Amino acid sequence: RVDAERSSEEVLRKLAVTQHREARRLRGKARARAYRFASTLYDAYLNLFAHKPREVEVDYGFYVRFYRGELLVQLDRPLEAAESFMAALDRAPKKPTPQEHKLIRVSAEEGVRAYDRVLRKAADGQGELKGQVGKKFLDASERYLALVTGPLDRFTLDILYRTGRIHYETG
């Protein structure tokens with residue numbers, strides 16, 4: 001049973017990643033279809049194997065959540081993308097390798113960008129949605145800023161300004 005589950009997990013994960021890679025190569029309607037199929041595969045993986053313990057050698061749940069976030073950005077589903085990036089941060093390894101550290105930072109940054117897109121798209125009549133997303137944006141921004149070291153780039157300065165403005169406006 002354990003071998004069957006391990007094999008199933010590996011096949012589904014590899015199929016999702018391969019489909020995602022293939023979608024990047026395509027154009028037009030075929031690309032959108034391939035992204036939707038890869039999204040379905042990532043969702044299936046997370047539904048079936050999200051409970052896997054984090055103590056394993058490689059936490060594929062972290063990577064799948066990150067790749068799913070990337071894919072959802074391409075499908076123009078920024079709120080879901082942001083939540084997927086934040087879920088990846090929640091599953092981030094305790095002692096990351098340099099590659100994992102880079103993915104953690106990119107995940108935090110892309111989560112902020114995705115929440116920002118939702119906030120910018122939200123109409124004035126969607127005050128409740130805007131308020132909920134605003135809180136998530138602030139949380140994502142704080143997580144991102146905690147990872148920033150060294151000189152501040154334009155994006156980071158913009159995030160500092162926007163978070164300060166939101167705090168000022170909400171009291």
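Is Phe-66 buried or exposed, and what is its relative accessibility? At 3% relative accessibility, Phe-66 counts as buried, where buried denotes under 20% relative accessible area, exposed over 50%, and partly exposed the range in between (1.4 Å probe, protein chains only). The structure is a predicted model, in which local features need pLDDT of at least 70 and side-chain atom pairs count only at pLDDT 80 or more, whereas totals for chains, interfaces and linings use all residues. Residues are numbered from 1 along each chain as its sequence is written, and side-chain values use heavy atoms, with hydrogens and water left out.

The largest nonpolar core comprises 42 residues. Such a core is a set of buried Ala, Val, Leu, Ile, Met, Phe, Trp, Tyr and Cys residues joined through side-chain atoms within 4.5 Å. The residues with the most contacts inside this core are Tyr-45, Phe-62, Leu-71, Val-112, Tyr-115, Phe-137 and Tyr-144. At least two core residues are supplied by each of the helices α1 (2–25), α2 (28–49), α3 (60–74), α4 (78–90), α5 (98–121), α6 (127–147) and α7 (154–170). Helices (H or I, at least four residues) are DSSP runs, numbered from the N terminus. In soluble globular proteins, nonpolar side chains tend to be buried together.

Phe-137 touches Val-112, Tyr-115, Asp-116, Leu-119, Ile-159, Arg-162, Thr-163 and Ile-166, when residues up to four places away in sequence are not counted; contact means heavy atoms within 4.5 Å. Asp-116 is buried, with a relative accessible area of 12%. With residues up to four places away in sequence again set aside, Asp-116 touches Phe-137 and Arg-162.

Helix α4 has 13 residues and reaches 18 Å from its first C-alpha to its last, close to the 18 Å expected at 1.5 Å a residue. The expected span is 1.5 Å times one less than the number of residues in the helix. The buried residues of α4 are Pro-78, Ala-81, Ala-82, Ser-84, Phe-85, Met-86, Ala-88 and Leu-89. Ala-88 and Leu-103 are 15 residues apart in sequence and 9.2 Å apart in space, C-alpha to C-alpha. Leu-103 is found in helix α5 and is buried, with a relative accessible area of 13%. Leaving aside neighbours within four places in sequence, Leu-103 is in contact with Phe-62, Tyr-63 and Phe-66.

A search of the whole structure finds six aromatic pairs. Rings of Phe, Tyr and Trp (its six-membered ring) pair if their centres lie within 6.5 Å, with planes under 30 degrees apart counted as stacked, over 60 as edge-to-face and the rest as tilted. Phe-62 and Tyr-63 form an edge-to-face pair, at 5.2 Å centre to centre and 70 degrees between the planes. Phe-62 is buried, with a relative accessible area of 0%, and Tyr-63 counts as buried at 14% relative accessibility. The pair formed by Phe-66 and Tyr-67 is edge-to-face because the ring centres are 5.8 Å apart and the planes are at 70 degrees. Tyr-67 counts as partly exposed, at 23% relative accessibility. Phe-62, Tyr-63, Phe-66, Tyr-67 and Phe-85 form one aromatic cluster.

Charged side chains were examined next. The structure holds 16 salt bridges, each defined by a side-chain nitrogen of Lys or Arg within 4 Å of a carboxyl oxygen of Asp or Glu. Arg-13 and Glu-9 meet in one of them (3.4 Å, N to O). Both Arg-13 and Glu-9 are buried, and their separation is about one helical turn because they are four residues apart in helix α1. The charged end of Arg-13 also sits over the ring of Tyr-60, 3.5 Å from its centre; this arrangement requires NZ of Lys or CZ of Arg within 6 Å of the ring centre and within 35 degrees of the ring normal.

Arg-113 lies over the face of Phe-155, at 3.9 Å from the ring centre. Arg-113 also forms a salt bridge with Glu-110, the closest N and O atoms being 3.7 Å apart. Arg-113 and Glu-110 both lie in helix α5, three residues apart. Arg-113 is partly exposed at 34% relative accessibility, and Glu-110 is partly exposed with a relative accessible area of 25%. Salt bridges that share partners join Asp-76, Arg-117 and Lys-121 into one network.
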